Every structure is written in C-alpha cells, then in structure tokens.
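Q: Could you walk me through reading this model, one feature at a time?

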Amino acid sequence: MGRAIKIIVIVILAIVVLLAAAIFVVTQVIDPNDFKPQIEEQARQNANLDLSIPGDLSWQFWPSLGVSLGRTEARIADEEELFAALDNASVSVAVWPLLLGKVEMDGVLVDGLEVNLREDQQGGNWERIGPQNDASPDQTEGDEQTAEGGEEGSTLDIPLTIPSVDITNGRISYRNATDGTDIRVEHFNFNARDVSLDQPFPLEMSLRYQDQSDMRVDLNLKTTLAANLDANHFVLNPMVLDANIAGATTQPVDVHLEQALEVNLEEDSANLTGLVLQAAGTRTTGEARITGLTGDLVVAGKLDTEPFNLNTVLKTLGEPAIETRGDSALNKVAMSATLSGPANSVIAKPLTITLDDSTINGSAGLQNLETGKIVFDLSMDKILLDQYLPPESSSSEDKPATTGGDAGKSGGTANLTEAELIPVETLRPLLLDGKLRIGHLTFEQIEASDLSFAVSAANGVLKLTQASGKTLNGDFSASGTLDVAGKTPRISARTKVNRMQIQPIAKMAMKDDLATGLFSMDGSFNASGNSQKALVESAKGNLNLGLADGTVRGLNLYNTLVGGINDTLGGLKGLTALIPDQQSGKLPSVLSEDTKIIDLTSKTRLDKQVAYLESLEATLEKGSLSGNGWFNVLTQQFDMHIGMKSPELDGGKYLGDATWPLRCQGSLESSPAKWCGPDRDGFRKIAQQAATNAAKGKLKDKLGIDAEGDTTEEVLKNAAGQKAREEIEKQRDKLNEKLGDKLKGLFN
C-alpha cells in the first residue's frame with residue numbers, strides 16, 4: 001500500500017514537472033514576437049484595421065503565467081490618422097491552479113489606451129471597423145455555433161473571478177465636423193477588484209471631460225456593482241459620485257451625488273433610490289423610477305430641495321449677489337416636486353416652490369423630450385415685489401439722460417445704442433406654453449390682484465396671449481407678440497386700461513404727485529429691429545387716452561387764462577368793461593394752484609420717439625379746452641397749443657364765445673407752474689376783435705350806425721364816413737327845401 005502511494009506521488013510530481021517544463025519551454029523558447037505578422041494580418045482581414053506593434057510581446061512565467069503587449073497602434077485601413085493605441089497591456093493566470101487544470105485569472109492591465117472617434121457627413125470612422133466583405137455562409141454558420149456554445153468547449157474551467165482589472169491613463173476624443181462638437185476624455189482610470197458575475201464587486205473610475213465650450217468636468221466614481229448578464233440586471237449600490245464642474249459658471253462647482261442605481265435592461269427600466277445631491281450650497285433628496293429607457297421614456301418619482309439662500313449659491317458659483325431692498329429677500333428658496341406625466345415627458349406635478357414668504361403651486365416641465373417643449377401652469381399666492389427691487393439710489397447717474405431744450409421732436413436718439421438687444425438665436429427654437437396667476441402683488445406701494453398671464457412660443461413667434469388684472473380701483477389687459485422668425489425681429493402690443501387711479505402711477509413714473517383722476521387707455525404699438533435705436537426709429541402706434549374726475553397739480557390753466565386776459569385787456573384803454581359782470585374789468589384769480597378736470601379725451605399717434613397729440617377735448621371745472629401738440633418720450637419735452645374757454649366770458653356782449661389760445665411747452669422735469677402761458681399774439685387779436693365789436697355796438701346804440709370793418713380804426717373810419725354822408729344828405733335836403741320854398745315864392 002505504501003509502495004502504491006509512493007508511486008502515485010511520484011507520478012503526480014512527474015506530471016507537475018513535465019507541465020512546468022512545458023510552460024518554461026513555451027515561455028523561454030517560443031518568441032511571441034514571431035506571431036506579429038499573423039496578428040496584423042488577422043486584424044486587417046477581420047477588423048479592417050492596420051495594426052502596428054512596435055513594442056515587444058513578452059511572456060511572464062512566475063508567479064503568474066501571462067503575456068504582455070507593448071506599444072500598439074491601430075489605424076483604419078488605408079488611413080493615416082490614428083484610430084486607437086495603447087502603451088502596454090497584460091493578462092495573466094495563476095500558475096498553480098493551471099497545473100491542476102483550472103484557469104484562475106490573475107489580472108488584466110491596459111495602460112495608455114487612446115481612442116480617436118471622428119464623424120462627418122459620411123458617418124463615423126468606427127462604422128468602418130469590421131469585415132468589409134460579406135462572410136461566407138459556412139463561416140457565418142460556424143460563428144453562430146461558436147457564439148451559441150456549439151459542440152466545441154474547453155476542458156478547463158471558465159474563470160468566474162478576476163482579482164483585478166486596471167485601465168490607466170486612458171484618452172478618448174470625439175470630433176464632429178458637421179456641428180463643431182469637440183469632446184475629450186482624459187486621465188481615464190478604471191479599477192475593479194474581485195470581478196465576478198456571481199458576487200458584487202467594488203470598482204472605481206475617474207476621468208476629466210472637456211468640450212468645445214470650455215466645459216470641464218473632473219469626475220470620480222466609487223460603487224459596488226452586482227451584475228447578472230443572463231438577466232441583463234445591474235445594481236450599483238452604494239454609488240458615490242464626486243465631480244468638479246468648471247466652465248458653466250464663473251467659479252468651478254463641486255457636486256456630490258449619492259444614490260442606489262438599479263438597471264434592468266430586460267424590463268427597460270431603472271430605479272434611483274436614496275438620492276442625495278449636493279451642489280453650490282444646495283441639498284436635494286429624492287427617488288425616481290424610469291421606464292422605457294430605449295423607447296418612450298416615462299419618469300415617476302419625487303424630489304425635494306431644502307431651503308437655501310440664493311445669494312450664497314451665487315457667491316459659490318462666482319456670480320455677483322443680487323442686490324435687493326429687502327434684507328430678507330432670496331434668503332429662503334425651496335422646492336418640492338412629484339415627477340409624473342405621460343411617456344416621453346418629464347413633468348413636475350404637483351410642484352411647490354417657496355420664495356421667502358411667497359408660495360408657488362402647480363406644474364411645470366418638459367412636455368416633449370424630443371422637441372424640448374416647456375410647459376407650466378403655476379399659481380402664486382402673493383408677492384411683495386418692492387423687497388426684490390434694486391436698492392434706491394439718489395445718484396444723478398441713475399436718471400435717464402435727456403437732451404437740452406433745443407432738441408425738439410428729434411432729440412434723444414443719440415443716447416440709444418445699436419447693440420443687439422434680442423437673443424434671436426436663443427428664442428427661435430423655443431417651444432413654450434405657460435400660465436401664471438398671482439393672487440396679490442405689491443409693487444412700489446401699488447397693489448394688484450387677480451393677475452393672469454399666458455405665454456406661448458413656437459416657430460420663432462413668442463406671444464403674450466393674456467396679461468390682465470385689477471389694480472388702483474380699475475383693471476387692465478394686454479397682449480403682445482415678438483416675431484423672431486424672420487431676419488428682423490418685430491414687436492407688436494395691445495394694451496387697455498379701464499378707469500384706473502392715475503395718481504400712484506404718476507408718482508412712480510415722475511417721482512412727483514402731479515395728477516389725480518381715473519385714467520383710461522386703449523392703444524396699440526408695433527416696431528421692428530434688434531437694437532434700442534432701431535426699435536425707437538421704427539416705432540408706430542395709436543393711443544386713445546381718457547381722464548375723469550382729475551386734477552393736474554401745480555398747474556392752474558384758469559389762472560393762466562385770467563392773467564393773460566387781464567394783462568391784455570388792461571393794456572387796451574376803454575376796454576376794461578368788456579368782461580361781463582365785472583365792474584373793475586378784471587377777472588379774479590382762484591386760490592387753487594391746480595386744474596380740476598371733469599372729463600378729458602385725447603387721440604395720440606406715435607411715430608418714432610414722438611407722440612403726436614392729434615386731438616384733445618376736456619371739460620374743466622372752470623371752462624373747457626381743446627388742442628394738439630407733441631411729446632418726445634425720450635427727452636420728456638413737449639409743445640402743445642391749447643384753446644380754452646372761460647365760463648365768466650361766455651355770453652359777453654363783445655367777447656362772445658371766444659376761445660383763448662394757450663401755449664404749453666417745456667419738459668416734464670421742470671415745474672408745472674412754468675409749463676403754460678397765454679399766446680399773447682392770439683390774446684391781442686381777440687382783444688382787438690372785442691374792441692372792434694364794442695365800437696360797432698356803441699355806434700349802433702348811440703348813433704344808429706352799422707359800421708363795418710375788421711379793426712376799430714376801420715369801424716370808426718367807416719362810421720365817420722357814414723356820418724359825414726348822412727350830414728351831407730341832411731344839408732342837401734335842407735338846401736333843397738329852402739331853395740324850393742324860394743322858387744315857390746318867386747313864381748307865386
């Protein structure tokens with residue numbers, strides 16, 4: 001028995017020695033570099049690659065049996081540009097298990113891998129890899145049998161675990177000549193330990209991504225992978241990803257992601273659980289399930305972003321803080337969203353956004369992932385816009401530049417720029433359909449409620465289909481269109497205001513309590529161009545304005561009229577009694593410094609930067625007026641001719657129903673008291689006409705003469721002539737009578 005055991009041991013040792021000797025002979029006697037021509041030939045025939053192996057092929061004998069490959073380069077057949085290369089690679093198996101008839105991988109190493117992908121109108125260069133001739137039926141059938149397992153097999157056990165797989169210093173580039181895409185992946189490193197198809201194994205990966213827009217991402221991934229190739233089921237749990245993103249913002253941003261990811265290719269789905277995303281001072285948690293990975297994508301899940309300070313986030317991104325009037329503005333921003341929606345969309349519904357003391361509810365997202373159409377339907381409970389406005393400044397630099405008094409109707413355009421104003425290329429592909437409602441809004445102490453807005457965008461046309469609300473005891477509505485489909489952008493708008501208190505608007509626009517009353521407006525506007533200068537120079541529009549129960553502060557048109565009348569009539573002797581019911585011949589001024597307007601209507605035409613007041617009709621507390629003129633919206637200069645009637649003068653015997661001309665001109669920045677004054681030439685003509693009428697009246701009353709003439713002098717001259725002719729006729733009649741009497745006496 002002992003002899004038998006001894007013989008068996010000797011036989012085993014002999015086999016081991018023989019195998020070791022065989023391995024030694026193979027590794028030391030056979031030079032693998034002799035096979036380079038055959039390897040290169042196979043690469044040319046089967047992969048359409050020109051393979052060059054300038055580095056050495058070498059054997060490794062102990063403690064692992066393996067082969068290593070030096071510098072190797074591959075080019076697509078008949079092309080000079082390098083397609084792929086590696087500096088060195090090796091694969092090895094453990095020797096002792098091999099001697100016992102088992103294959104245990106010891107490790108796989110690939111260093112300096114380089115891949116260059118190129119694409120143009122003819123397609124990608126990788127599409128030219130592989131056999132370029134149709135394979136024979138026999139070859140195809142043989143390949144299929146081999147792929148299916150066939151009858152061929154190995155007597156050695158297939159390795160189930162690989163202790164290490166390392167890819168170091170990899171480089172991948174992709175360039176697209178048609179759209180300018182230029183992507184580079186550098187410093188690619190991959191490390192996996194105890195790689196198995198039966199048990200989870202840890203892996204790490206790092207790389208640097210760069211593209212043509214100077215975007216750079218340094219990424220590090222650590223995870224444990226469980227893979228079931230037969231079921232196409234993969235689980236990465238835990239999965240930790242850290243990235244540093246530069247180029248998207250002024251300062252690089254650190255991003256930290258934790259999650260568990262499960263991908264089931266058989267079910268075409270993926271699950272994300274335990275999601276934690278931290279970036280730029282924000283923290284978002286949630287989970288999601290995605291189905292239809294290769295077809296119509298469906299996303300369901302929930303995301304919650306914890307409250308954060310927006311200015312702190314901006315500081316982290318290297319962006320300037322948003323300066324606001326309110327110290328607490330933008331201090332609390334948060335979001336909660338439930339992801340849902342039909343296939344091929346990502347919709348947050350319900351969606352809740354918190355902005356300090358305001359809450360926004362509704363839905364928003366991408367209605368179509370292929371077209372990128374944005375949709376939203378949101379409602380905000382309230383917002384105090386005042387605290388989000390820029391801080392107030394008393395600096396004169398904040399005031400709009402105006403041109404001097406000689407600018408007239410054409411001034412102000414020198415301050416306009418010709419720089420591009422509308423981002424046409426960004427807006428043209430925009431697809432949008434959204435609604436926003438605001439329950440209560442406060443702006444510059446003006447309160448508004450029941451605000452509704454609706455916008456849409458398609459085919460390069462952006463529309464404000466609705467903008468309406470209630471404010472200042474009135475209501476408003478507006479609509480507009482921005483058309484960027486053509487070469488030149490075009491803007492059109494329509495606005496309607498119904499009986500709105502004008503006082504707060506005047507104070508906000510002019511920083512002065514200039515006017516009160518109920519303001520109404522109905523107007524349309526259009527312009528074309530892509531700069532301030534072009535839009536102003538092409539502006540056209542029509543505006544109907546109304547003001548009821550109003551007051552213009554600091555401007556008393558009646559006192560202006562009274563002063564002009566008193567000065568004019570007082571300078572003409574003998575005419576002081578022309579003013580009805582005023583024995584002194586002067587109209588008294590009123591104590592008020594304002595003009596009370598009972599009702600006012602006007603029609604205005606906008607042409608370039610000038611609003612032409614084509615008609616103005618107003619009923620005042622003391623009188624009425626009509627007029628026309630122009631207003632430069634850039635320089636705030638104006639010039640108006642106004643005709644005013646006074647109730648104290650109506651029915652006057654000589655003044656009659658006179659319309660007294662006033663001239664209002666200057667700038668809105670000046671004092672209203674200096675705006676208007678009498679048109680002295682016009683006043684003088686009315687006074688002269690009154691004097692003429694008075695002369696006619698007195699001549700008629702006292703002398704019974706209906707004198708004619710356009711001036712007093714003409715009337716008096718005409719009256720004197722008539723009187724002289726009457727006297728001559730009387731004297732002639734008397735002379736004729738006396739002469740007749742004498743003749744009668746003579747003949748009798």
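A: Start with a definition: a polar contact is a pair of N or O atoms within 3.5 Å, where, within protein, one must be able to donate a hydrogen and the other to accept it. Keep in mind that this is a predicted model.

Q: Which atoms come within 3.0 Å of each other at the start of H5?
A: A side-chain oxygen of Asn309 and the backbone nitrogen of Asn311 do, the oxygen reaching to within 3.0 Å of the nitrogen. At the other end, H5 is followed by Gly318, which has a positive phi near 85°.

Q: Which residues of H5 are buried?
A: Helix H5 spans residues 310-317, and its buried residues are Asn311, Val313, Leu314 and Leu317. They lie on the same side of H5, because the arc they cover around the axis is only 155°.

Q: What covers the buried residues of H5?
A: The cover includes S15, strand S17 (282-291) and strand S18 (298-308).

Q: Is Gln259 buried or exposed?
A: The cut-off for buried is under 20% relative accessible area. Gln259 has 9% relative accessibility, so Gln259 counts as buried. Gln259 is located in strand S15, residues 253-264.

Q: What does Gln259 touch, not counting residues up to four places away in sequence?
A: Gln259 touches Leu236, Pro238, Met239, Leu272, Thr273, Gly274 and Leu275.

Q: How many residues does the largest nonpolar core have?
A: It has 49 residues, and Leu261 and Ile383 are those with the most contacts inside it. Apart from that core lies another, of 36 residues, which includes Phe519, Leu557, Leu616 and Ile642.

Q: What is Leu261 in contact with, leaving aside its neighbours within four places in sequence?
A: Leu261 is in contact with Phe234, Val235, Leu236, Met239, Ala270, Asn271 and Leu272.

Q: Is the peptide bond from Asn237 to Pro238 cis or trans?
A: The bond is cis, with omega near -5°. Pro238 belongs to strand S14, residues 233-246. Another cis peptide bond runs from Lys349 to Pro350, with omega near 0°. Pro350 is in strand S20, residues 346-355.

Q: Is phi of Asn48 positive or negative?
A: Phi of Asn48 is positive, near 60°, in a residue other than glycine. Asn48 sits in the loop between helix H2 (36-47) and strand S1 (49-52). With a relative accessible area of 13%, Asn48 is buried.

Q: Where does Asn169 lie?
A: Asn169 is in strand S10, residues 161-176. Asn169 is not a glycine, yet has a positive phi of about 55°. Its relative accessibility is 34%, so Asn169 counts as partly exposed.

Q: How do I read strand pairing?
A: Take the sense of the pairing, then the number of bridges, then particular partners. Strand S26 (residues 474-483) pairs with S27 in the antiparallel sense over nine bridges. Six residues lie between S26 and S27, and the two strands form a hairpin. In this pair, Asp483 stands opposite Arg490 of S27.

Q: In what sense do S27 and S28 pair, and over how many bridges?
A: Strand S27 (residues 490-501) and strand S28 (residues 515-528) are antiparallel, with 10 bridges. Lys496 has Asp522 in S28 as its bridge partner. Met500 stands opposite Phe519 in S28, and Phe519 is among the residues of the 36-residue core.

Q: Which strand residue is the bridge partner of Ser520 in S29?
A: The partner is Gly546. S28 pairs with strand S29 (residues 540-552) in the antiparallel sense over 11 bridges.

Q: What is the mean pLDDT of the protein?
A: The mean pLDDT is 81, and 73% of the residues reach 70 or more. Over residues 1-29 the pLDDT is below 50, and this stretch has 16 contacts in the model beyond near neighbours in sequence. Residues 395-406 also stay under 50 in pLDDT, with 14 contacts beyond four places in sequence.

Q: How should such contacts be read?
A: Where pLDDT is low, the predicted coordinates should not be read in detail.

Methods
Residues numbered from 1 in each chain as written. Predicted model: local features only at pLDDT ≥ 70, side-chain atom pairs only at ≥ 80, totals over all residues. Heavy atoms only, no water. Pairing = 2+ DSSP bridges. Helix = DSSP H or I, 4+ residues; strand = E, 2+ residues; numbered from the N terminus. Core = buried A, V, L, I, M, F, W, Y, C linked by side-chain atoms within 4.5 Å. Buried < 20%, exposed > 50% of the residue type's maximum accessible area, 1.4 Å probe, protein only. Contact = heavy atoms within 4.5 Å. Arc of directions from axis to C-beta. pLDDT = per-residue confidence, 0-100.
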